[in-house]
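Here is a protein chain to look over, one topic at a time. Keep the sequence and the 3D view open while you read.

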Amino acid sequence: MDYMFTHKFPNKRLQIITSRASRQGRRSTANVGAQYKYKNAAVDVKFDTKSSIATTLSFRGEILPSMNVNASLRLPEYGSSQLNLKFQQSFRNAALSISVGLNQSPDILLSATIGTSSIAFGIESKYKTTSRSFSRLDAGISVTNPNRDASIILAEKGDLLRLAYAHRFGQSRKISAVAEVTRRLSNNKNSLAVGVSCIADKLTTVKATLNNRGKLQALLVHKIKPNSSLNISAEFNMKALDKIPRIGLALALRL
């Protein structure tokens, strides 16, 4: 059971106060939050029944017109606090994001993208100050046009190479074919997967994939309402014909 209350004040600076309570079985939780805005800055404060306080400070355009700064502080678990800097230049289709943990041994996350509507290049890394080494270093390039998409990604610090290609057929583009090849450079192992997607009508979509290990997967999605759907999935191992296929049924309803 959930309960949520929101109140807006006439004061333009003090915007919203929210309270929420939920109960699952014998467990119950509650929190109260407030938001204060002034010009381009905003402060969010939340208190919960676990005696924790979460504060978020954000402002944009103070240093550069396209820069957003966000800082979050949690007490008493201050180790999860972070400082986030985001810079985005829409004219040149470039974006830069930096996230630093606010603790004694912070992790530094960096992501950057640059490109156009048809070709883009991106890089993502995570640097651990405790070991003075990169725990994540990924890079990729993608090419896109109305009928096809292609991408090359070098992940896991250069050990995993992934190539993917998708092609849409016909003017309506209701049928698509996808192929993905991955290669693990450390042990020279390759994997291959192919798939197809078909939009039968406005309410029904069918998808199927097959990989080099002989696993065949199929999914049918039928929309009952704009926010509700019926999903039927099946999985079959073509290299183990004696095993019974797996069949799943899921119903998602949103009122």
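L203 sits in the loop between β15 and β16 (204–211), where strands (E, at least two residues) and helices (H or I, at least four) are DSSP runs numbered from the N terminus. The model is a predicted one, so local features need pLDDT of at least 70 and side-chain atom pairs count only at pLDDT 80 or more, while totals for chains, interfaces and linings use all residues. Residues are numbered from 1 along each chain as its sequence is written, and side-chain values use heavy atoms, with hydrogens and water left out.

**More on L203**

- The C-alpha atoms of L203 and V221 are 7.9 Å apart, although 18 residues separate the two along the chain.
- Leave out the neighbours within four places in sequence, and L203 is in contact (heavy atoms within 4.5 Å) with V221, H222 and K223.

**The chain as a whole**

- How many helices and strands does the chain have? There are zero helices and 19 strands.
- Out of 255 residues in the chain, 13% count as buried.
- Take the contacts in the chain with a separation of 6 or more: residues 24 or more positions apart account for 9% of them.
- The chain exposes about 18700 Å², and carbon and sulfur atoms supply 59% of that area. Accessible areas here come from the Shrake-Rupley method with a 1.4 Å probe, and for residues only the protein chains shown count as cover.

- I98 belongs to strand β8 (residues 94–101), and its relative accessibility of 27% makes I98 partly exposed.
- L161 and T182 are 21 residues apart along the chain, with 5.6 Å between their C-alpha atoms.
- Which residues does L161 touch, leaving aside its neighbours within four places in sequence? L161 is in contact with I152, I153, L154, V181, T182 and R183.

- F236 lies in strand β18 and is partly exposed, with a relative accessible area of 27%.
- In sequence F236 and G214 are 22 residues apart, and in space they are 8.3 Å apart, C-alpha to C-alpha.
- Beyond the neighbours within four places in sequence, F236 is in contact with G214, K215, L216, L241, K243 and P245.
- Rolling a probe the size of a water molecule over the atoms shows where empty space is left.
- On a 1 Å grid over the protein atoms alone, a pocket is an open set of points with protein on both sides within 12 Å along at least five of seven lines, a cavity is a set where a 1.4 Å probe fits but cannot get out, and lining residues have an atom within 4 Å of a point.
- The second largest pocket has a volume of about 150 Å³, a volume being the space filled by probe spheres set on the grid points, which are joined across faces, edges and corners.
- Its lining is made up of K215, E235, F236, N237, A240, K243, I244, P245 and R246.
- Which strand gives the most to the lining of the second largest pocket? Strand β18 (residues 228–237) does, with three residues.
- Four residues of this lining are nonpolar, one is polar and four are charged. Ala, Val, Leu, Ile, Met, Phe, Trp, Tyr, Cys and Pro count as nonpolar, Asp, Glu, Lys and Arg as charged, and the others, Gly among them, as polar.

**An aromatic pair**

- Rings of Phe, Tyr and Trp (its six-membered ring) pair if their centres lie within 6.5 Å; planes under 30 degrees apart count as stacked, over 60 as edge-to-face and the rest as tilted.
- By this rule there is one aromatic pair. Y127 and F134 form the pair, which is edge-to-face, at 5.1 Å centre to centre and 65° between the planes.
- Y127 is partly exposed at 25% relative accessibility, and F134 is partly exposed at 40%.

**Positive phi angles**

- Most residues other than glycine have a negative phi.
- R173 is not a glycine, yet R173 has a positive phi of about 55°.
- Look for R173 in the loop between β13 (160–169) and β14 (175–184); R173 is partly exposed, with a relative accessible area of 33%.
- N188, also a residue other than glycine, has a positive phi near 60°, and N188 is found in the loop between β14 and β15 (189–199).

Conventions:
Buried < 20%, exposed > 50% of the residue type's maximum accessible area, 1.4 Å probe, protein only.
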